[in-house]
Protein chains: 2
Amino acid sequence: MNEKPFKSALSVQEGIKQPSSVNPYWNKQDRKKKAELTADQMVGKILAQDRTVLSQTITLVESTNPAHSTKAQEVIEKLLPHSGNSIRIGITGVPGVGKSTFIESFGKHVTGLGHKLAVLAIDPSSERSNGSILGDKTRMEELSTDPNAFIRPSPSGLTLGGVAQKTREVITLCEAAGFDVIIVETVGVGQSETVVKSMVDFFLLLMLAGAGDELQGIKRGIMEMADAIVINKADGDNIDKANFAKSQYQAALRLFPPCESGWNVPVKTCSAIEKKNIDEVWQMIRKYQEFTTGNGYFGNYRKQQLVKIFYDWIESTLITRFFADENVQAKITQLIPEIKKGNISPYVAGGSVIKDLGNVEM
Amino acid sequence: MNEKPFKSALSVQEGIKQPSSVNPYWNKQDRKKKAELTADQMVGKILAQDRTVLSQTITLVESTNPAHSTKAQEVIEKLLPHSGNSIRIGITGVPGVGKSTFIESFGKHVTGLGHKLAVLAIDPSSERSNGSILGDKTRMEELSTDPNAFIRPSPSGLTLGGVAQKTREVITLCEAAGFDVIIVETVGVGQSETVVKSMVDFFLLLMLAGAGDELQGIKRGIMEMADAIVINKADGDNIDKANFAKSQYQAALRLFPPCESGWNVPVKTCSAIEKKNIDEVWQMIRKYQEFTTGNGYFGNYRKQQLVKIFYDWIESTLITRFFADENVQAKITQLIPEIKKGNISPYVAGGSVIKDLGNVEM
């Protein structure tokens, strides 16, 4: 393969026009190519691990311009058979748990072992703020200049469903470009965990010692999704507290029903800032991959995820179109107060919506 | 109100033609009325707490005959303003946890305090077996002959969504007929818990001491739905084990995020068979009702449930109709193997289904 040294993630992400004296790969010829590449050329460049083209294609995937998305779909379909050769890791934890520092330490460890790492984000807040907190590139300084790491912020201006679709497509692109460890990170505060869980092989919950305030932000149900709990900031005065928390979580998890995968959810402590026990976390994930590959769960779960996405996509498209209809909206607005007052049953109300408007043009 | 003594639940449920010497209310006149009652007459009789008519109306609600369901809907709509004055309690636990014995002891305690109790069931297995295990009337001998208790098995031959709708409508009928404590029971093995959770005020998880085999049957996620965990069979040699399990669960729950209601999930032990600590469980539920009424959650949660049912009903109707279409089914059957092989993305596959068939007649 015709592998070129990567540009730094920082320059690619920001799209800064750097003088060629700083980066010899950033020159007029490259910029000219950007506008001209056909879908087939993009496919070839991505398979050749060209990071500039990878980045351009991601921008194309995230574009809301219909012409762009047709081309993006063509590229993705052609790359699908070349994707999948990776371990996909979901990471969640509330703000303050040290997620960025953990991903930086973990990521540096993994690239140090010769892996190529892509870090993607699903950030429910980016929809509102139009600027993802997880997209803040300055927070992973070491990783963002690592030639074997690629950091991409959460696309903004989309619904959670839209972000999920785009992120899955970006995973395909990154895998085709040779990235064999994919991290999808999110904040443990909303529905985004379910979405992340549906696109990764391994779901890691980062926690802090002490079961107090930091739990206020984590939604119920997320603990039972985790394939591992890692207690961060096990350093300095905090070590004893972290070990105590570890034994508490271990006892609690024994009361949980077993995972479908047959995997026993481990609890680990680590210090991302002191880079302690980071390899333990990585070895645990390798062990999970080995274990679930051995019992067939790994591949089956990925196939299940695809079929579920297929059905979910059809359902959400049908529903979104239906509820976007103006007449449907007007009728619902009129019915909800009556339902809340108990004057009409939700079934009769629903029936009248379907009866009057169920044949809306899809 | 013109309250007549109730017929026994047993005779009403089984529809056995008893000689009038055994039950003076079961006579020719009653049977004649059964065929002739108008919707308005049914409403009047149910409000007058006539259990025979209540039972007939439930049969009407559960009927799949369109003429019956039109009449049933009319009755339900008219009774809606008279419903809601109850505490609705969901109870789940795997087979072997002693659920029937618990409901019998708990139910007798509650009717002994002057309450009127209805026990309904949502049994995912009844769809397949066409004979609900939860409907086995012989398992609650004392309660089934209690004039202040009404036991109704899970309707059979319906999807889970259908059972949910019917059960909600039966709750309305029972409340209008003066039942002020409603129990909806299910088995902790499937999606039925989510359905039960969506129609009750309080969700109780019955467990056994020891975190071993009995957990195998409980689905992940159910523990985090519970408003209380009650460890049954705390009797004889089992008391120490039950108390130990209690302290373990208490510690585990402290690691869980708080409930939206602001309620701290308690862990209790009881012995249903020895009728020990049954009042504690009842007092706990009363305390929950008081607490959540105080902070406004109780009423708001019921309103939220109604609006959610409304949306869910529209969505599931749209989706069911779409996927029932023959052309849609054929296309999906053809696409799924390609998706699993990774030859087509689930989005492109979904898009082609919508493009070709999205205008299917609804």
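At what angle do the axes of α13(A) and helix α14 of chain B cross, and within what distance do they come? In this predicted model, where local features need pLDDT of at least 70, side-chain atom pairs count only at pLDDT 80 or more, and totals for chains, interfaces and linings use all residues, the two axes come within 9 Å and cross at roughly 135 degrees. Residues are numbered from 1 along each chain as its sequence is written, with chains lettered from A and ligands numbered from 1 in the order in which they are written.

α13(A) is therefore oblique to α14(B) (angles under 35 degrees count as roughly parallel, over 145 as roughly antiparallel, 65 to 115 as roughly perpendicular and the rest as oblique; axes are lines fitted to C-alpha atoms, for helices over the stretch in contact, and angles run from 0 to 180 degrees between N-to-C directions). The crossing of the pair is right-handed, the near helix being turned clockwise from the far one by less than a right angle. Lys303(A), Leu306(A), Val307(A) and Phe310(A) of α13(A) meet Ile336(B), Ile339(B) and Lys340(B) of α14(B), contact being defined by C-beta atoms, placed from the backbone, within 7 Å. These residues comprise 5 nonpolar, no polar and 2 charged (nonpolar: Ala, Val, Leu, Ile, Met, Phe, Trp, Tyr, Cys and Pro; charged: Asp, Glu, Lys and Arg; polar: the others, Gly among them).

The contact between the chains as a whole takes 54 residues from chain A and 54 residues from chain B. On the side of chain A that touches chain B, two or more residues each come from α5 (66-79), α11 (239-254), α13 (297-324), α14 (326-341) and α15 (346-357); helices are DSSP runs (H or I, at least four residues), numbered from the N terminus. α13(A) gives the largest share, 12 residues. By class, this side of chain A holds 33 nonpolar, 12 polar and 9 charged residues.

Gly162(B) lies in helix α9 (residues 160-176) of chain B. From Gly162(B) to Ile309(B) the separation is 147 residues in sequence and 12 Å in space, C-alpha to C-alpha.

Conventions:
Contact = placed C-beta atoms within 7 Å.
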